[in-house]
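The questions below take several of them in turn and set each value against its rule.

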Amino acid sequence: MIGLSIASIVVLATLLGGCMAATEPATRRDPWYQAVVEPMQDDDARALRFYENALKLKGAELARELESASQEFEKNRSDLNRVQFAMLLSLPGSGFRDDQAALNLIQPFLNDQRYENSVLRPLALMLHTQLAELKRLDEAVQQQTARAKEEQRRADALQQKLGAILEMEMKMIEREQIAPPLKRR
């Protein structure tokens with residue numbers, strides 16, 4: 001009876017231990033999750049899932065994720081870490097957005113033949129295209145803004161000249177009204 005009781009306790013403890021492990025949320029940093037779940041996904045699917053999750057983060061969580069991605073990339077410059085770090089750097093609405101740094105990170109996918117067969121190459125090309133277009137649009141906006149400022153400066157100068165001419169006309173009218181009429185001979 002005591003042997004059965006101890007065996008029951010061991011089985012019960014094992015089951016409870018298993019239940020407790022199953023109730024803990026698996027995160028992408030959890031070694032078990034990385035070893036069992038993530039390898040089942042292709043890198044492109046993992047990168048897209050990473051981006052989807054990053055879009056949900058705000059403030060300090062997003063800053064921690066950026067720091068983590070930066071450290072992961074420094075430790076292991078894999079294609080996946082490269083793309084994930086670039087995605088974070090180009091995340092809309094983030095305070096640390098750096099499109100040029102993101103472009104620099106994914107540039108090897110365009111120029112280096114070692115990346116030709118990477119499953120992440122199409123995603124990197126898409127990200128590069130979007131970032132390059134944003135950069136082009138930003139430059140166009142800056143040019144338009146510079147032109148608008150120049151036109152405003154010219155308009156202000158013309159307005160000042162017009163004001164000066166009107167003031168001279170008013171002074172001439174006042175002088176004519178004040179001056180005594182000329183005598184005719």
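Q: Why is Glu150 called partly exposed?
A: Glu150 has a relative accessibility of 28%. Buried means under 20% relative accessible area, exposed over 50%, and partly exposed in between (1.4 Å probe, protein chains only). The value of 28% lies in between, so Glu150 counts as partly exposed.

Q: What kind of model is this, and how are residues numbered?
A: This is a predicted model, in which local features need pLDDT of at least 70 and side-chain atom pairs count only at pLDDT 80 or more, while totals for chains, interfaces and linings use all residues. Residues are numbered from 1 along each chain as its sequence is written, and side-chain values use heavy atoms, with hydrogens and water left out.

Q: What makes the pairing of Arg154 and Glu150 a salt bridge?
A: A salt bridge is a side-chain nitrogen of Lys or Arg within 4 Å of a carboxyl oxygen of Asp or Glu. For Arg154 and Glu150 the N to O distance is 3.5 Å, so the pair meets the rule. Both residues lie in helix α7 (residues 121–178), four residues apart, about one turn of the helix. A helix here is a DSSP run (H or I, at least four residues), numbered from the N terminus.

Q: Which residue also forms a salt bridge with Arg154?
A: Glu151 does, with the closest N and O atoms 3.1 Å apart. Glu151 and Arg154 are three residues apart in helix α7, about one turn of the helix. Salt bridges that share partners join Glu150, Glu151, Arg153 and Arg154 into one network.

Q: Are Arg154 and Glu151 buried, partly exposed or exposed?
A: Arg154 has a relative accessible area of 44% and Glu151 has 46%. Both values fall between the two cut-offs, so both residues are partly exposed.

Q: How many salt bridges does the rule give?
A: The count comes to nine. Side chains of opposite charge can pair when their charged atoms come close.

Q: What secondary structure does the protein chain have, and how much of the chain is buried?
A: The protein chain has seven helices and zero strands, a strand being a DSSP run of E with at least two residues. Buried residues make up 21% of its 185 residues.
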